[in-house]
Amino acid sequence: MASLIALGLLLLLTALLSVALKVMLSPQMLKTAVGTNVTINCDFVPDAPVEPQFLLVSWKRNNELVISYFKGGIRVSRVGTRFAGELAKGKAALFLPEVGIEDQGDYECTVIASPDEGSATCTLRISASPSVPPVGPLLELKPGFRRSLRCEASGFYPEEISILWFKISTVETLQEMTGQEIQRGNPVRNSDGTFSAVNVLTLRAPPVVGGDSYICHVRHEASETLVKQRVTITVTGSLPWYSWFSITCAVILLMALLVMFIIIKYKQLVDLPLCLKCFSKVKVQILLQPAEALQGQFTSGICSFRGCSLQARKCVLAIRKNDVETQVLERHYGREDSAENRLKLLEDSINHFTALGCPELSPNIFISFPADAKKHDRAEFVYRVIETRTQRTWEASTGFTVIGVPQDIQLLDPGPVKHGDHETLICTVTRFSPKALTVKWGIGAKGIIRTFSEESYGPPEYKPSVQRIRFAAIEYEIKSPEYTENNDRTVSCSFGLAFQVDVDAHDQREFLCEINHETLDSPLKKRVCMTVTRE
C-alpha cells in the first residue's frame with residue numbers, strides 16, 4: 001500500500017514539473033510554385049537528452065497525418081515525404097518533393113518528448129504560372145471579313161486572373177477592347193487542380209487596305225512579369241463592291257426587293273419566301289475544332305453559319321457516338337421564333353458556350369469543354385442549320401478522339417511453379433491519363449473469383465509502396481505502380497502481386513487483375529491460371 005502511494009506521488013510530481021516543449025518552425029508562411037521541392041524546418045529543444053522510445057514526432061496537414069516517427073518507426077502517408085534532419089539532435093524538418101496544388105494548407109509539427117510536448121504551425125501556399133501560347137505574330141484578313149483571335153491561359157493557380165485585349169495606336173498607346181467584340185470565358189478547373197481561361201476577340205476588317213496591331217495582356221499573381229502576346233492584322237486586297245457599277249447593281253437589287261416586299265405585304269400577290277428561294281445561300285463552316293485532345297484537357301471549337309435567308313431557322317450542335325446522336329446546343333433565328341431567339345444548353349457535354357458575330361446573317365457558335373472519353377472519344381461533332389418552314393438542312397461534321405483511354409492490360413503467365421517458391425505476378429496497363437486508377441486482385445477457380453484487394457493509386461491519393469494483405473491463410477504483398485511517361489503525354493505502369501506459392505492454395509487457381517479508370521465504361525480484366533508442382 002505504501003509503494004502504491006509513493007508511485008502516485010511520483011507521477012503527480014512529474015506532471016507538475018513538466019513544461020511545454022519549445023518547438024520552432026521556419027518560415028511560418030511559405031509560398032512556392034508547383035513542382036518544386038519544399039523543406040519546412042522544425043527545431044525542438046528538450047530540457048534533457050531524450051531516449052528514442054520516449055520521442056514522438058508528427059507532421060499534419062489540415063489535421064491529416066503526413067508523416068510520423070515513434071519508437072524508431074516512420075509512417076508516411078504521402079509518397080516521397082521524409083524527415084530532413086536528425087531527430088536525436090532536435091531537427092525534425094519536413095521534406096516534400098515536387099509539391100502540387102493538393103499539398104497546400106496548414107502544416108503542424110508536434111513533438112512529444114515525455115513528459116514534455118509542444119507544437120507549431122506553418123502555412124504553405126502553392127501557385128502555378130499561366131502558360132500563354134503565341135497568337136500571331138502576323139495574320140492577313142480580306143476587307144469585310146471577320147476573324148476571331150483567342151488568347152488562352154492554362155495551367156494557372158489560384159483561379160483569379162486578368163486577360164485583356166488592347167489595340168495599339170500609331171503612337172504606341174493602348175486602347176482596351178470592350179463591347180460585343182470581346183467574349184470572356186470563366187476559368188475552368190483542370191484535372192490536376194489548375195485552371196484554364198480564354199478571351200476571344202472578334203474583328204471585322206475595314207473596307208480599306210491597312211494594318212492594326214493588337215496585344216493580349218495576361219496578369220496573374222504567380223507570374224513575376226506581365227505576359228504579353230502581340231499580333232498584327234493586315235487587310236489585303238480590294239472590295240469589288242466599291243466600284244460604281246457594283247454600287248449601282250446593289251441599289252437596283254435592294255429597290256427591287258423593297259418593291260416586292262411591299263406588294264406581298266399589302267397586295268398578297270406573291271409568296272415572298274418562294275421569290276427569295278434562289279437567294280437563300282447557307283453555308284456551314286467549322287473554323288476551329290481540334291482532332292484530338294488529352295483526357296480532361298480544355299478544348300475549344302468555333303463554327304460559322306453563313307447565309308442570307310428571311311426564313312426562320314435553327315442552328316444545332318449534336319454529338320454522334322456509336323450511331324447515337326445527342327443534341328447538345330440549339331438556337332432559333334427569325335421572327336417566327338423570336339421568343340426562342342437564345343442559345344439553349346440541352347446536354348452537359350459542353351460546359352461553356354456563346355454566340356458570336358451577327359445573329360441574323362452569319363452567327364458563330366463558340367464552345368469550350370474538357371475532353372471526356374466517355375462522351376467525346378471517337379465521336380463526331382455535327383454542326384447543322386435547319387429551316388423551320390421547309391426543314392431544309394445544311395451541316396458540317398468533324399471527328400474527335402480523346403487520348404488517354406487504356407485499351408488493354410497484360411498479366412504475365414508465370415508458367416509452372418514449385419511449391420514454396422516466391423512468385424510475383426505483374427499486371428501492366430499502358431497509355432492512359434490521368435494517373436488515378438483503381439486496381440483489384442482476386443483468386444478463384446471454375447470461373448468463381450473472390451476479390452481480396454482493391455487499391456486506388458495516383459493523385460490526390462497516395463499509398464505506401466507495399467501493402468500486405470492476408471487472405472485464406474496466405475500473405476500477399478501488393479506493390480504500388482511504377483509510372484512511365486510516354487511521348488503523347490500519357491503514362492504506363494505495372495503492378496505487382498508477390499506471395500509464397502502454396503500447392504493447396506494456388507494449384508489450378510485463376511488469378512484476376514482488374515483495372516478501372518475514369519475514361520472506361522467498364523473495367524478491364526485479365527486472368528491467368530497457375531500450375532503448382534511439389535518438386
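Q: What makes Phe 452, Phe 471, Tyr 476, Phe 499 and Phe 511 a cluster?
A: Ring pairs link these residues. Rings of Phe, Tyr and Trp (its six-membered ring) pair if their centres lie within 6.5 Å. The structure, a predicted model, holds ten aromatic pairs.

Q: Why is the pair of Phe 452 and Phe 471 called stacked?
A: The ring centres are 5.2 Å apart and the planes stand at 25 degrees, so the pair is stacked. Planes under 30 degrees apart count as stacked, over 60 as edge-to-face and the rest as tilted. Phe 452 lies in strand 34 (residues 448-457) and Phe 471 in strand 35, 19 residues apart. Both Phe 452 and Phe 471 are buried, with under 20% relative accessible area (1.4 Å probe, protein chains only).

Q: What makes Lys 435 a charge over the ring of Tyr 483?
A: The charged end of Lys 435 is 5.2 Å from the ring centre. The rule asks for NZ of Lys or CZ of Arg within 6 Å of the ring centre and within 35 degrees of the ring normal. Arg 82 sits likewise over the ring of Phe 95, 4.3 Å from its centre.

Q: How do you know that strand 32 pairs with strand 37?
A: Nine bridges join strand 32 (residues 422-432) to strand 37 (residues 491-500). Pairing takes at least two DSSP bridges. Strands are DSSP runs (E, at least two residues), numbered from the N terminus.

Methods: Residues are numbered from 1 along each chain as its sequence is written. This is a predicted model: local features need pLDDT of at least 70, side-chain atom pairs count only at pLDDT 80 or more; totals for chains, interfaces and linings use all residues. Side-chain values use heavy atoms; hydrogens and water are left out. Helices (H or I, at least four residues) and strands (E, at least two) are DSSP runs, numbered from the N terminus. Buried means under 20% relative accessible area, exposed over 50%, partly exposed in between (1.4 Å probe, protein chains only).
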